[in-house]
Amino acid sequence: MLYIKTVGAIFFRFTYGLTLYDGIYFCLRVHRSAGGSSVALLPFWRQCWQSAAEMIHSLFLINPTGDVFLEKHWKSVISRSVCDYFFEAREKAVTPENVAPVLQTPHHYLISIYRGKLFFLSVVQTEVSPLFVIEFLHRVADTFQDYFGECSETIINDNMVVVYELLEEMLDNGFPLATESSVLKELIKPPNILRSVVNTLTGGSNVGSSLPTSHLSTIPWRRNGVKYTHNEAYFDVIEEIDAIVDKSGMTVFAEIQGVVEACVRLSGMPDLTLSFVNPRLLDDVSFHPCVRFKRWESERVLSFIPPDGNFTLMTYHVSSQNLVSIPVYVKQNISFFDSGSSGRMDITVGPKQTMGKTVEGLSVTIHMPKSVLTVDLTATQGNYTYDLTAKVLVWDIGKLNPQKLPTLQGSLSIQAGVPKPVENPSLNIDLKIEQLAISGIKVSRLDLFGEKYKTFKGVKYVTKAGNFQVRT
Amino acid sequence: MLDSNKDALKLEAMKRIVAMIARGKNASDLFPAVVKNVACKNIEVKKLVYVYLVRYAEEQQDLALLSISTFQRGLKDPNQLIRASALRVLSSIRVTIIVPIMMLAIKEAASDMSPYVRKTAAHAIPKLYSLDPEQKDQLIEVIEKLLADKTTLVAGSVVMAFEEVCPERIDLIHKNYRKLCNLLIDVEEWGQVVIINMLTRYARTQFLNPNINDEDEEKEKQAEVSALAKRKPYVMDPDHRLLLRNTKPLLQSRNAAVVMAVAQLYFHLAPKAEVGVIAKALVRLLRSHSEVQFVVLQNVATMTIKRRGMFEPYLKSFYIRSTDPTQIKILKLEVLTNLANETNISTILREFQTYIKSMDKDFVAATIQAIGRCATNIGEVRDTCLNGLVQLLSNRDELVVAESVVVIKKLLQMQPEKHSDIIKHMAKLTDNIQVPMARASILWLIGEYCEHVPKIAPDVLRKMAKSFTNEEDIVKLQIINLAAKLYLTNSKQTKLLTQYVLNLAKYDQNYDIRDRARFIRQLIVPTEKSGALSKYAKKLFLALKPAPVLESPFKDRDHFQLGSLSHLLNAKAGGYQELPDWPESAPDPSVRNVEVKESVRAVGTVTYRDTGAPRAQQTEGSRGCSFPRAVFNSCGPARVCPVNTFPTNRHSSAPPLILISASSEPDTGSGSESVSVSVESGSPSDSEESEESSESDEDEEEEEKEKKKKKKEIKARSKPDVSFQTIAPSSALKNYELLHRITGEGLSVEYCFSRQAFSPDANMVAVQMHFTNNATSDTKNLHIEDVKLQSGMRVKEFAEIELLPAGEATTAVMGVDFCDSTQAANFQLCTHTRKFFVSIQPPVGELMRPVFLTENEFKKEQSQLMGMNEISENLTLDAKCRNEHAIVQRVTTAANLSRVPCGSDKECRFAGKTVTSGSLVLATVATKDEGAAQLTVNCEKMVIGTMLVKDLLLALTQ
């Protein structure tokens, strides 16, 4: 359709404002359509554009009320009306979690995640691995969290420019460029109060004045020239119990998900080796890219040059093959009466296998059937709240006293004229046990190579409830 | 403010502008004011200007040009980061007229010293391509150059560019394949995803299906063991193994996309036995964000259909929590249903029972359907499920009841006679259930099986006739159906009712119903004019209907590459690259060789030394499994050596059989019928041999054994004669199987390399094929079709054999020009009814023909083939092979060489030349004391030489 030929090279020079671009010549090729008109040019290249394969095209951030409050395009602009398809799906879904992560519209595919009450909606036009996009969006949200401490609409609005700069650096032409937080932090300094005061006074900037070095190093997660007066390395071993316990107190399914969070503030280029007393316990592991997989395979030790600051070193899994001890038991009795539109509830929580530690932060969350109008309960310990619209009952117990077991009992009133609920709601338990890794995993030692200074080291163990559900 | 001299003010202004852009407000009016700040010294202002520029340049093309010179200057900056960022912004400005500038910049950056700049160049390639696809050819050149880059930084980005610009140019990957595999673990995570996906497609085009034998096995379950043992054992290409080995650690990545990419790679490429490793990693992802879970579960659902065993140990990880989003619940349910089998069904059903009580009604409906599917798939629990579902019929929730009715209907269709009481029970439900689909299902059931419930059926019809006008359309249609069926079986009681229903239907508002009524009336009610059809009315209505098959919606989704958007949507997304089918035969693996010639020999010799004979035995030992894994695992650094591939290949392709060929060639000098026993090459397979024979006919077996004895005697006697054989299409001809009589449905074909000159074309190797028709019927029109060859190879087909009567045998000769490589020639062998895929793979010894040389000529030629062209090896001769005669015999059996007469009895020399290129092949076996010997092969073609050494070594040591 279009006949393009090189007409020739045109040389020209130009001045603009006060700047004189002296002696710079431009070699330009002029395209002409057969008809001699150059108007057709724009649609022509637009067309080519759409046919090319690409990754993430645009990103929209959507708040809980359904407004787009930030948009970023890495290629030509896509109208935000594309989000209407998403809003339609959002309308249909009962809760925000129920929106399908991947939607198909006539010209685009919408891939979204739901984080901190916000939707991160990305637009892609062609084949792409959906997990690739989802994982990237989560990484974006993680970065915001890392930079601003939380990931909410207000905080993003307050730091709009930094957010925009971050997005600019993270993707190039829709393909991830710099996602390591160490690299990003060198490019764009995270805001803090002191600096913002200094900046206003001196007119300084929050963009790194020197260009990042870790971009170029073989270890992109760590920059050169880190310096601390106190060198310290702390590791938190956090375990979460995922369990389903049935009505009679039998464990249907239980496993432990563990994560080793690290906070490493060491000068220079330290090379760390972390070893466990009983690494065989770990069933399945995944690592931060810094961990040398070969060493783990052969010696079962974690050998790595750590990123600077906080990071997740590894996650692991202790499967249900090993017996997982369940720290608490729940005795419950929830019944709805056929007559009189009411029900009774009686819940008692007690310690089971706590290895002599105290259970703290205990709470029970119950998603009540829609027909439960109000609750009238008394708790022997802690207090409860009932959210009338979401029908969620939260009983916050706190510390579990083995001598005096906390109970919650009372009556439920049900909407009149509605058949009684078929299913009893299941209870979600939340708890925390300090100084205990329920799987029994133990760090044996941490060795530092490559640097010569004294290091403060520490390991902390915490056990939490993950997806701990009691069926009734 | 932008015109201000103070950077702080400029910055403030730019920040506001960028915030406007971020909120989606139009800031294009400010373009001229902003663009002149592009040269601003303040780096933050500059960055924000860049952001602005990239956003609006395509709308204000002319003004955008003003900024170009800044970037051009930037491209020359001594700081690599400034060069990179200049290139990045320059390539992001979507202005068509700067295409040549961009092209130039990319080309320059591609050969920049800094890998970071090269990476940026790689990123710029797709941008330019989308701006002007005309530049494709030039860009491919740049990609080719960057692909050769050895830094991890560049690898991911350039493969991305490759995928966007020229995914079809798979040939660019060959040379870089091994490098990419080895770099993979150090590439940044996003690059890993792209590379793995690309390599999956690559491997699909370049390697053979590792599960080919297993799949055949499934197809012909009755196939006898012999067929399996005789089938060409599959040997995995070392490069294929390399890919699998190097991607495996990435399953431990923290990035879900990487894990998924590896998982799909294993699913699509790995041998069945190894796919299991991905299950654990995928189950781990189920702990991740719900969006990740959603995608992973979709893929797991597809995998469970094909490889159920893989996820069975993790069954409990798919149990559903009441807090899961509905879509996750339904996917988990799908996986659980797919995993159900006889052993775990009771646990699954117990789990399902708790789900039925859930508050989420969509989920309950899905659970009921899942129970239905379990019941259809697993016969043992059908009754239990049915009972459970019947209990649900008394549930208070109407939706649950309705869904149960529909599922029960499907289940009952499988064995209606046993369950008339259930049908009766359901008939009672018509009074209560209001959901149209359920009512329709019940009515259909009663109509279909009215013979089982003769008393109730008319009564139901009566009730329905009463309420006909108030029913939904689908229910009305079923009422008509019921009436018609009852009329045919029990017209006495229902004649009037039927008439009544049909009359009502006649005046219905819906034309479908009116039509149906008219049609049925004509069909069943006999009138004077009634056509021929009414006779068949009963047959029409009461024909046996096949039970519906309850299938997973994820069936057949695996033709999409797992983990892809297309797979998720079950529809082809734009730009989706089809996953190619496995090739019938592997393309030449040597294309991936990157070694310079000198290293070939060096590496080859080393490999040979430490992987030689003992390795071969290992291979034999592990023949039981589908591929000799041990071999590859112990390969170590020698993996990259191409030479390594061939011997293993060739070796395993030799069927482990003692073959006896009776031929009447006048080649033994004695003139009498010569019989030869070929030495088996794969040694310890006595057991296999017996397996073999036990499968063949008893008579034949005995006959064979007798023959064998006899021949051995003959051979023993004729020893002296043979030893003087010098030039000859020599003594022993080994038969190879082309088509087994079971796979060939009675037709069995064997072939041997007759070592005769192939008269139509001197460059071809003659392959003598021996056809035996063991079937009871004649085979006609035997011929060759669809020859698939490596480039350069040629085949001269044999003349079509018009008729091969049952029980008869015949021979034919075809010529193949193998181009001096051991690549197989693949073709279809066609009879008048069937086509069989077969392949002929020559041992290296058959790629040469004997030449006659004198001792002096031999030495002269040998002296010209020294250095790289000479391979020598020390060996210990087999105990039975210590005399000159035995050596000659074994060498000439293994390779088509002729003996060079010589004076010393410590040395045996052999000469030949390759068939196609005519390169000389010289072999010397110098014997020493105690059975020690040295084997030397001189050949211009080093690959041939190395392989020949390997073969000869095997022949002499076993």
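In which helix of chain B do Tyr52(B) and Tyr56(B) both lie? The legends below begin with this pair and concern a predicted model.

**View 1. The aromatic pair of Tyr52(B) and Tyr56(B) in helix α3 of chain B.** Both residues belong to helix α3, which spans residues 43-56 of chain B. They are 4 residues apart, about one turn of the helix. The ring centres of Tyr52(B) and Tyr56(B) are 5.0 Å apart and the planes meet at 45°, so the pair is tilted. Tyr52(B) and Tyr56(B) are both buried. Over all chains, the structure holds 22 aromatic pairs.

**View 2. The edge-to-face pair of Tyr177(B) and Phe207(B).** The centres of these two rings are separated by 5.8 Å, with 65° between the planes. Tyr177(B) is part of helix α12 (residues 177-183) of chain B, whereas Phe207(B) is in the loop between α13 (189-206) and α14 (212-219) of chain B; the pair therefore ties together parts that are 30 residues apart in sequence. Tyr177(B) and Phe207(B) are each buried.

**View 3. A cluster of aromatic rings in chain A.** The cluster consists of Phe86(A), Phe87(A), Tyr114(A) and Phe119(A), which are linked by ring pairs.

**View 4. Arg307(B) over the ring of Phe267(B).** Arg307(B) lies over the face of Phe267(B), and its distance from the ring centre is 5.3 Å.

**View 5. Lys409(B) over the ring of Trp444(B).** In this view, the face of Trp444(B) has Lys409(B) lying over it, at 5.3 Å from the ring centre.

Conventions:
Residues are numbered from 1 along each chain as its sequence is written. Chains are lettered from A and ligands numbered from 1 in the order in which they are written. This is a predicted model: local features need pLDDT of at least 70, side-chain atom pairs count only at pLDDT 80 or more; totals for chains, interfaces and linings use all residues. Side-chain values use heavy atoms; hydrogens and water are left out. Rings of Phe, Tyr and Trp (its six-membered ring) pair if their centres lie within 6.5 Å; planes under 30 degrees apart count as stacked, over 60 as edge-to-face and the rest as tilted. Helices (H or I, at least four residues) and strands (E, at least two) are DSSP runs, numbered from the N terminus. Buried means under 20% relative accessible area, exposed over 50%, partly exposed in between (1.4 Å probe, protein chains only). A charge sits over a ring if NZ of Lys or CZ of Arg is within 6 Å of the ring centre and within 35 degrees of the ring normal.
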